[in-house]
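I record what I looked up and what I found.

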Amino acid sequence: MRERRDQHPRRLGPRGRRWLDRLLVAFVVVVGGAGHVAAGQPVATAFTVAEALPLLWRRRHPWPVFLAVAGLSALQAWAYDQPAVGQLAFPVAVYSVARWSPRWQGIAALLVGYAGALVAATRWLHGFGAGDLTPGNLAPYTVTIGAIVTAAWALGTAAQTRERYVASLVARAEQAERMAEREIELAARDERSRIAREMHDVVAHGLSVIVVQADGARYAAAKDPDVAVGTLETISATGREALTEMRRLLGLLREGDTGVVPQPGLDDVRHLVDEARAAGTLVTADLPPHTPGVPDGVGLAAYRIVQEALTNVRKHAGPDARVDVRVAVDRAVTIDVRDDGRGAAARPDGRGLGLVGMHERAAVHGGTLEAGPAPGGGFAVSARLPL
């Protein structure tokens, strides 16, 4: 059964946003215009088309679009005394200004909307033949239209506030990450300098003592062999001490991650295959040639995914399992690691986080990953990392 993974919130891309605006305009023009044409209202049809078309540019130019829609709405109130479907463009324009324009423009659009609500209520009542215009007659229409305008403005303002808040969080997180990386780099540099100094002192001191003692032993051996024996013992002790210190320092270098070692990439997958073969795993591989066009982050993610997949083969597939590794580079890096081992019969210990880590690495680069028992037996890991 395919492992379930967290789903990230989906957001429309530039192309999706353009199509959404086109569909919105098409809906207002086609539905509204058709209704007005059927009712024999050519003026309402013309204003519906004119008020809806500017919405195509509402994201890039929200304030000019609002001014155009507001001006057409005012002209419609003068020329036509009944509602038209094209007036739905007004709250959409108000939302767009509140969403993507400076705050003062959003407030100005809201105030214009309130004024327009009163004008529209007055004209509609006049067109409906309501007779005397009293506050009791105007209030329901004015409040209703004003509530629609207020809701559109509030939604746009809330979206803008949220976007600014998220942007500030991202900026602070990136700054904190840069500071942390800088601190790690400085600490690693200081540690390397300290180890280099100690290594120099150990090697220089030990070798100098050994050279001096060896020269003395060479001259003393001809006259007093007992002195030579003592000198050789000193040389032996000094050498052992120097070796002990060097082992300690080299142990620090092996165990300590300084954070500046070059990270592996896609070209290093061959080393993973060679290591797996050396460990006794039967591996067939189809790997791309040298890939300089693959970004470092994508290459590292691909390397880690293959690494974890081969590790899982060694842990769970069984001693005689065969594994096939395929990596291809086109518009994306595609990875396919399949074995003929135990598959669904394998019993995981429940403590590993390898699959979760592979999913997270793929998701970071906007890719996808599927991992689970393969049809016919074995286990399969398939990933796609877009470039």
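**Entries on salt bridges**

I began with Asp 336, which is partly exposed at a relative accessible area of 21%; buried means under 20%, exposed over 50%, and partly exposed in between (1.4 Å probe, protein chains only). I looked up its partner and found that Asp 336 and Arg 338 meet through their side chains in a salt bridge (3.0 Å, N to O). Arg 338 is partly exposed as well, with a relative accessible area of 38%.

I noted the basis of these values. The model is predicted, so local features need pLDDT of at least 70 and side-chain atom pairs count only at pLDDT 80 or more, while totals for chains, interfaces and linings use all residues. Residues are numbered from 1 along each chain as its sequence is written, and side-chain values use heavy atoms, with hydrogens and water left out.

How many salt bridges does a search of the whole structure find? I recorded 5, a salt bridge being a side-chain nitrogen of Lys or Arg within 4 Å of a carboxyl oxygen of Asp or Glu.

I then turned to Arg 99 and Glu 163, whose side chains form a salt bridge (2.7 Å, N to O). Arg 99 lies in helix H4 (residues 89-100) and Glu 163 in helix H6 (residues 135-221), so the pair ties together parts that are 64 residues apart in sequence. Helices are DSSP runs (H or I, at least four residues), numbered from the N terminus. Arg 99 is buried at 13% relative accessible area, whereas Glu 163 is partly exposed at 39%.

Lastly, I found that a network of salt bridges links Asp 286, Asp 324 and Arg 326.

Methods:
Helices (H or I, at least four residues) and strands (E, at least two) are DSSP runs, numbered from the N terminus.
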